[in-house]
Amino acid sequence: MSDPTSASGTQPLLQPVRLGALELPNRVVMAPMTRSRATNAELAPTALHATYYTQRAGAGLIISEGTWVSPDAIGFTDVPGIYTDAQTAGWAKVTESVHAAGGRIISQIGHVGAVSHPDHLGGRLPAGPSAINPREMSFTPDGPKDTVTPRALTAAEIATTIDTYRQAAANALRAGFDGLEIHAQASHLVAQFLNPRLNQRTDAYGGSSEKRARFLFDVVDAVSSVWGSDRIGVKLSPYWRREPAFTADAETLADYDLLLKRLSDTDLAYLHLLGPEPRTDTDDAFTAFARFRTHYRGAVIANLGFTQATGNELLERELADAVSFGAPFIANPDLVDRFTHGHPVAAGDRDTYYAGGAKGYTDYPTATGPEAISFGSAGRRSGCAVG
């Protein structure tokens, strides 16, 4: 295993890598994280977002927070979209600022489907693959609420939804992003289509693992008509557990094995894959990524709970091509510099993760700044939302 304080040339995390058409100066990726700072009626990024992302431009690649492809996609409060001109203009200012600082940033786009709530939709029911309640929590303007039984999307609505991904991809290109990532993880719409407990359709989008995956492949095709596939990534979470719908049982993992094999033929820039929930050791994570490598031939970004040491080890074992960090990037805008020079990694203030405003967002010091302080080791969880 690499010495976490060794010279940059010997740490796998700090070595350059090519993911499709994306040339990265290091393998430390900033994971997409919901931060709920779009506190305006347009749900548009602001100057605060530009500051936040630009502070973290030292990452080999920044993946934006998940952004809505349409008003029907909304499932959390104060999260920006990328379906209007105002939102696109806001993101253009973000990408311009990140690029001026020497960084690279791609847009993650997504839709929560049945995990939304009527409170987000003007009283309308959310829609999913089938009329089955996922039994999750939706974070509404009035606080967390239980999800409801959704409508089943019609075939025409599925086609319209796929087109919203295409338009969001076009807006991301217009906004100056360097690439695109499809949110297919956790409990959101793509994952709902993949899940036989939530997708009980009998048409072309359900009934077998291949048909349940059609929605994802149609979305990939739609965004590929805007971007070259070598600038597109997909984020998946085979080990996601949220009972009762998401169980990560043997049948689920076997379905994902088949999905990864099929995705090997799409010439994507990368797959962004979540491993199992972190425990006291990393054996489960290494086993999971060895399994992924068996089935997927392309580049892999690994996510969920890695530290500098375990990230370097994962890369040394050639089980991934890059590692994404979520929570560590919150309190450490200079995370790559800290990895390079062996500075302690600070822990974030969880009370401010979704609080709105600059506090806990753009006010964290760098290790070498005049106010630099250490809060100990960062939390292990990273990825979507915060973690």
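Colleague: Which residue does the side chain of arginine 166 meet in a salt bridge?

Modeller: Aspartate 163, at 2.4 Å from N to O; a salt bridge here is a side-chain nitrogen of Lys or Arg within 4 Å of a carboxyl oxygen of Asp or Glu. This is a predicted model, where local features need pLDDT of at least 70, side-chain atom pairs count only at pLDDT 80 or more, and totals for chains, interfaces and linings use all residues. Residues are numbered from 1 along each chain as its sequence is written, and side-chain values use heavy atoms, leaving out hydrogens and water.

Colleague: Where do arginine 166 and aspartate 163 lie?

Modeller: Both are in helix α3, 3 residues apart, about one turn of the helix. Helices are DSSP runs of H or I with at least four residues, strands are runs of E with at least two, and numbering starts at the N terminus.

Colleague: How many salt bridges in total?

Modeller: The count is 16. One of them joins arginine 174 to aspartate 85 at 3.2 Å, N to O. Arginine 174 is in α3 (residues 155–174) and aspartate 85 in α2 (residues 85–100), so the pair ties together parts 89 residues apart in sequence.

Colleague: Is aspartate 85 buried or exposed?

Modeller: Exposed, at 58% relative accessibility. The cut-offs on relative accessible area are under 20% for buried and over 50% for exposed, with partly exposed in between (1.4 Å probe, protein chains only).

Colleague: Switching to confidence, what is the average pLDDT of the chain?

Modeller: The average is 92, and 92% of the residues score at least 70. pLDDT is the predictor's confidence in each residue, from 0 to 100.
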